[in-house]
Amino acid sequence: MGEVTKDVIVRYETLLKEMWSESAKYLGILSTNLLVERVIWELSQEYPAIQLLKYGPEGISCTQILTSVEKGFNDLEEMFMKFITRYVSILAKLLGHERAEEIRKKIITEFGGAF
Amino acid sequence: MVRLVTGIKNLDHILEGGIPAYSINIVSGAPGSGKTIFVQNIIFNCARQGMKTLYLTTISESQFKMVRNLENFRFFQDELLGDKIVYDDLGMILRTQGASQALQYLGDLIKKYLPNIVVIDSIKVIRDLFPDEKNFRMFLFDLAATLSVWEITSFLIGEYEEQELTRLSEFAIADGIFHLYGQEEKRFQKRYMRILKMRGTSYQQGEHLFQINSNGIEVYPRMKPEGEELHYEIKHGRKKFGIPELDEMLGGGLREGTITLVSGATGSGKTLLALKFLIEGAYRGEQGVFVSFEESAGQLQSTASQLGWDISKFLHSGQLDIRFISPVELDVDKHAFEIMEMIKEKNVERFVIDSISSFENSVSDLKKYKDYLWAIGQLLRKQHVTSIFTSLNENPFSSLIVSKSQISLIADNIIFLRYVEDRAGIRKVLGILKARGSNHDKDLREYEITSSGINILGKLEKPDMLR
């Protein structure tokens, strides 16, 4: 159970890192982190574990989520999915649907068509 | 593109649909230029559409005065305050705790209220709180990023002079810049707005008149002739005056969709000739509009009845519309736009401006006057409206001056009315200088205005009477 969950988190971390760096190309690091902060804030009531997602000038990291996985957070996969969906939907408004779609496609490629 | 519809009269038209959503807009101008009312008008309009605004002042006292002053405007709605429009103060925290705390506070307010619009009034005061340009620039950058990421359309109000607009850092981060200013022009205190920048959309450039009245802000877009060559279908129909001899002189009447300049001295009958043209149209079932800057509808109706023309039925049915604009009130920036709108809205077939001389006299900028007249002319041609512009010739015995400012160039047809001396008397003669596309009569014809109307008489037989 624990190993499976960790694998899932690692996969999502890869995906989030890709999404973060692609966004930063268009938005810049400051705005990208502000966007991450916004989505974390929006989801934090429903999924407290999202507050363990760390971000900064170097990018985004799930290290604290991984180290806390033993606490038995529920719905981690659902949390990541909602985070990404919300993030991309805001991105689409800020950058336009075409660019957001490009970023989404890159994520799909990286993640083997899960989205 | 998602846009924020301002709801301000004609502003969304200038912006081709509204302000791009999530943009940062600076509203600049000297104190009293109307900046705050402009933004307040927008946020109240947006509040009625369900949008929420966070309005951040920088001097706490100003909020009370501001709300009190707004109560006089129709756009103001008490019940929107606190729900859709939330006022707060950013100045105090900036002064006491610094920029980063102020941004943190702004972030907290955004999370609390989730506004669609944020207003900072004034950003210039915030600038003055920073010890140096570098720190202010960093604050601005963070502010801009925060507002964008939260999908907020923002208005930063500031008392900036025009010369500051290009060199200060806040104008670099702005997506849109509205600059408001006023100037004395002839007898009016005029207010103008220029959109200096608007990323992500095209917009009408140049100086737009705006007014502040009980409705709030009303904008009258700058009128200019279209840059591209005007293409329009040439109609072959004729529009008659209903004066058989004159129609004959013109080869059957005025060509449909053309502009005719009727130039003449005072009392020569320009207004009557133009009015007769519309009455003839009304009898034929055509819609006519008479824009008068000299005589009221009542005066025109009375004059017409003295000539045996009953226009009351046409006025009553709306077939004939007389719009009187007092020369004292005439403001070309506003009225030229309204005339254009009227032509577009109504299915006008015959149209008169009496006179373009009054129009000209109210304009301080002759170039603007020509632009307006050309723009109106282009629209009339495009809409195939057959039009008459009357023009006062200040020398009653000269036919050589058709109009000042080379406005005669706009005309397809020119009819002049003048006086000639005959022994101890004065007679009136009419001639056609040009009639585009027509083999017009080149003779000078005497005419008279009697209780039975306008009668064209014989040829002028003594050319030596012309001086």
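Student: How many salt bridges does the rule find across the interface of chain A and chain B?
Tutor: Happy to start there! This is a predicted model, in which local features need pLDDT of at least 70 and side-chain atom pairs count only at pLDDT 80 or more, while totals for chains, interfaces and linings use all residues; side-chain values use heavy atoms, with hydrogens and water left out. Residues are numbered from 1 along each chain as its sequence is written, and chains are lettered from A and ligands numbered from 1 in the order in which they are written. With a salt bridge taken as a side-chain nitrogen of Lys or Arg within 4 Å of a carboxyl oxygen of Asp or Glu, the rule's count across the interface is three.

Student: Which residue of chain A meets B:Glu151 in a salt bridge?
Tutor: Salt bridges that share partners join B:Glu151 into one network with residues including A:Arg38, A:Glu42 and A:Arg86. In the pair you ask about, the N to O distance is 3.2 Å. The partner of B:Glu151 is A:Lys93.

Student: Which element gives the most to the side of chain A that touches chain B?
Tutor: Contact here means heavy atoms within 4.5 Å, and twelve residues from chain A and eleven residues from chain B take part. Between chain A and chain B there are four residue pairs in polar contact, both residues at pLDDT 80 or more (a pair of N or O atoms within 3.5 Å; within protein, one must be able to donate a hydrogen and the other to accept it, and residues adjacent in sequence count only if both atoms are side-chain atoms). Helices (H or I, at least four residues) and strands (E, at least two) are DSSP runs numbered from the N terminus, and α2 (29-43) and α4 (76-95) of chain A each supply at least two residues of that side. With eight residues, the top contributor is α2(A).

Student: Is B:Ser268 buried or exposed?
Tutor: B:Ser268 sits in the loop between β14 (259-264) and α10 (270-283) of chain B. Leaving aside neighbours within four places in sequence, B:Ser268 is in contact with B:Leu417, B:Tyr419, B:Lys428, B:Tyr447 and B:Ile449. A polar atom of the B:Ser268 side chain also lies 2.6 Å from the backbone oxygen of B:Ala265. Buried means under 20% relative accessible area, exposed over 50%, and partly exposed in between (1.4 Å probe, protein chains only); because its relative accessible area is 0%, B:Ser268 is buried.

Student: How many residues apart in sequence are the parts that B:Glu349 and B:Lys239 tie together?
Tutor: These two form a salt bridge, with the closest N and O atoms 3.2 Å apart. B:Glu349 lies in the loop between α13 (332-345) and β17 (350-354) of chain B and B:Lys239 in strand β12 (residues 238-239), so the separation in sequence is 110 residues.

Student: What is the relative accessible area of B:Glu446?
Tutor: The side chain of B:Glu446 meets that of B:Arg427 in a salt bridge of 2.5 Å, N to O. This pair links strand β21 (residues 445-450) with strand β20 (residues 425-435) of chain B, the two residues being 19 apart. B:Arg427 counts as partly exposed at 26% relative accessibility, whereas B:Glu446 is buried, at 16%.

Student: What pLDDT does chain B average?
Tutor: Good thing to check, because where pLDDT is low, the predicted coordinates should not be read in detail. pLDDT is the predictor's confidence in each residue, from 0 to 100. In chain B, 91% of the residues score at least 70, and the average is 87.
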